[in-house]
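Have the sequence and the 3D view ready.

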Amino acid sequence: MDIAIQASGLGKRYGDHQALAGVDLEVAAGTVLGLLGPNGAGKTTTVRMLATLLEPDSGRATVAGFDIVRQQREVRRRIGLAGQYAAVDGLLTGRENLELLGTLLHLGRKGARSRASELLARFELEGAAEKPVQTYSGGMRRRLDLASALIAAPSVLFLDEPTTGLDPASRQVLWQMVREQVGQGVTVLLTTQYLEEADFLADRILVIDKGQVLAEGTPDELKRKVGEEWLEVGLADADGLEAALAALAKVAVASPTVDRASRRISVQLADGMGAITAAAAALEGTGVEVVDFALRRPSLDDVFFHLTGRETDQGQDASDASDASATTHDKRAKENQ
Amino acid sequence: MSATSFGTVAPGGFGTGVSDTVALIGRHLRHLRRTPEKIIAVTLTPVAMVGILGYLFASVVSVQGTAQYHDYVMGGVFAQVALSCVGVAALGVSADLRTGLIDRFRSLPMARSTVLVSHTAADLVTSAVAVVGVSLAGLAVGWRIHKGFLPAALGFVLILAFAYAMLWLGALLGMVMRNAEAINGVSALVLVIFSFLSSSFMPLTGLPTWLRTVAEWNPVSVVSAACRQLWGNAPAAAHGSLAVQHPVLLAPILLAAMIGVLMPVSMRVYRTAVVR
């Protein structure tokens, strides 16, 4: 398989702050690598280096087969970059923005014009094409930004937190558009704080923190590192806890854990539907009132927490839910030791 | 990898460098058309200065060797137009940095110099408009050029060259400072210090020697004195330092040196400019 991006030992130092401390990564052509990490982890620094905007202090990397330091021009001909700030000109119209970049990429006057029309259509911006970009909504700006990155039909696309600040609907639209590119053979390196986004878009994920790679793998591999799926049972009142625990212990492969405050029991079952049926029957036999009965599998949030010991920013936003899941994390972490 | 064939770009060279610059100048000229208030703001202040100095002050101030105060002061007002270019370029460049546009331009396969060259070239159009505005205002209050076309034109070339140097200084300031309020503050300070610590509004005869030397070598003094001489508004001083006696000779040298230093320094800073 072709390797589109390869980096080894990338390092960057700002004063006494080590922004990157030897990052290795490899992205196969036509796949998506998600770079996951908290703020200040070194995600943006990595992208800026690979996009030739920043020279590494140490290490080396190639993008589309060209060295990011010695062959910058060759790299630049083959990459598209959409940074954290939708980098579009607010005073120009959507069409003018795209035509300007087409001209700068030497597509010719005609070529630039037709490419702009094509992208405006594909990114559903035709209606706003003649309006100044400063009148666009956040989602439209991002779409135009992504279209701008695609003018030269790059073989490698860098997306630095492409959906930060977008509403869920616009995010979905953007995700579909990224997927379309991947379908056409484009290699994508994506940084994100949203685990959901990495889960949805990325073939492989690299978790980084403090400038170092903590883990690498497919979303499923990473989730498996944290643990198998488990059954979570919520009870209506605390009185039934002991009876339910005793009943579940009989069908479990490991002793159940309990969170008394939220009246929830987590239990690891044997594989297959039989185990679930047995658990349901056992609970039914005790007569306790069950309000929640669900199979849970670790999310990338769990992976992230497991690896960095930190909640994602997204997790911190959700107040109650995150408290409940944090206790689950603690228990899971203990179980896995 | 059929996708890459689209992205294959003609090899870089002088020709593509020029076409890139032209494309980016087009971008800035569109900006100017869409925000005419920018040109008006840049033009209005010096035009008001012409009114105040050439009309209000003219009735009470007289400078030895000139018939009318507005004859003396116009060279200084033109130099002030050039000085105000610092803020114009700084705000433009810093805005492009903040929005990430410069990052996008830097990720394109084009010559490093293109972005700043087109920025300053387009801003020079703004200052040319302001120079025309100030000239008209000057004519309205009674200012006249008493020399032929060639020296007159040379005077305007000096003003625009000074403006160009200040635009590069502004570009540098914009990359270093980023923050719009801070830039406004600093460029206002530059405007006040350099225009008042010069011979643009008053002769420097009353100053203590050391301060007088500083003010005489201030590019604003040299350029405005050169213009006065070229336009026949006031002769160069017969005594004093080289700067005072031969402004027409010195101004081009001084401006070439300023542009020669500011351009490469700005481009060097641009190379490492990153969004912070």
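## Salt bridges

Over all chains of this predicted model, a search of the whole structure finds 26 salt bridges. One of them is formed by the side chains of A:Glu96 and B:Arg34, with an N to O distance of 2.6 Å. Look up where each partner sits: A:Glu96 belongs to helix α3 of chain A and B:Arg34 to helix α2 of chain B, so this pair joins two chains.

How many salt bridges does the rule find across the interface of chain A and chain B? The count there is 6.

## Where the two chains meet

Now widen the view to the whole interface. On one side, 36 residues of chain A are in contact with 37 residues of chain B. Between them the two chains bury about 3,300 Å², and 60% of that area is on carbon and sulfur atoms. Which residues of chain A lose the most area to chain B? They are A:Leu91, A:Leu104 and A:His106, and together they make up 19% of what the chain A side buries.

Polar contacts can be counted here too: 13 residue pairs link chain A and chain B in this way, with both residues at pLDDT 80 or more.

You will find A:His106 in the loop between α3 and α4 (108-122) of chain A.

Another residue to look up is A:Glu161. Its phi is positive as well, at about 45°, although A:Glu161 is not a glycine. This residue is placed in the loop between β7 (156-160) and α6 (168-183) of chain A.

## Cavities inside

How can we look for gaps in a structure? Rolling a probe the size of a water molecule over the atoms shows where empty space is left. In this model there are 4 cavities of 30 Å³ or more, and the largest cavity has a volume of about 90 Å³. It is lined by 14 residues, and those closest to its centre are A:Ile79, A:Gly80, A:Ser148, A:Ala149 and B:Leu108.

Which elements of chain A each supply at least two residues of this lining? They are β6 and α5, and β6(A) has the largest share, with 3 residues. By class, the lining of the largest cavity has 9 nonpolar, 3 polar and 2 charged residues.

## The largest pocket

Finally, turn to the largest pocket, which has a volume of about 910 Å³. Its lining is made of 40 residues, and the ones closest to the centre are B:Lys38, B:Gly87, B:Val88, B:Leu91 and B:Gly92.

Several helices of chain B each supply at least two residues of this lining: α2 (14-34), α3 (36-56), α4 (69-83), α5 (85-98), α7 (114-141) and α9 (180-196). The largest share comes from α5(B), with 8 residues. How do the residues of the pocket lining divide by class? There are 17 nonpolar, 16 polar and 7 charged residues.

Notes: Residues numbered from 1 in each chain as written. Chains lettered and ligands numbered in written order. Predicted model: local features only at pLDDT ≥ 70, side-chain atom pairs only at ≥ 80, totals over all residues. Heavy atoms only, no water. Contact = heavy atoms within 4.5 Å. Buried area = accessible area lost by both parts, 1.4 Å probe. Salt bridge = Lys/Arg side-chain N within 4 Å of Asp/Glu carboxyl O. Polar contact = N/O pair within 3.5 Å; in protein donor to acceptor, adjacent residues only side chain to side chain. 1 Å grid on protein atoms, 1.4 Å probe; cavity = no way out; pocket = protein on both sides within 12 Å on 5 of 7 lines; lining within 4 Å. Points joined across faces, edges and corners; volume = space filled by probe spheres on them. Helix = DSSP H or I, 4+ residues; strand = E, 2+ residues; numbered from the N terminus. Nonpolar A, V, L, I, M, F, W, Y, C, P; charged D, E, K, R; others polar.
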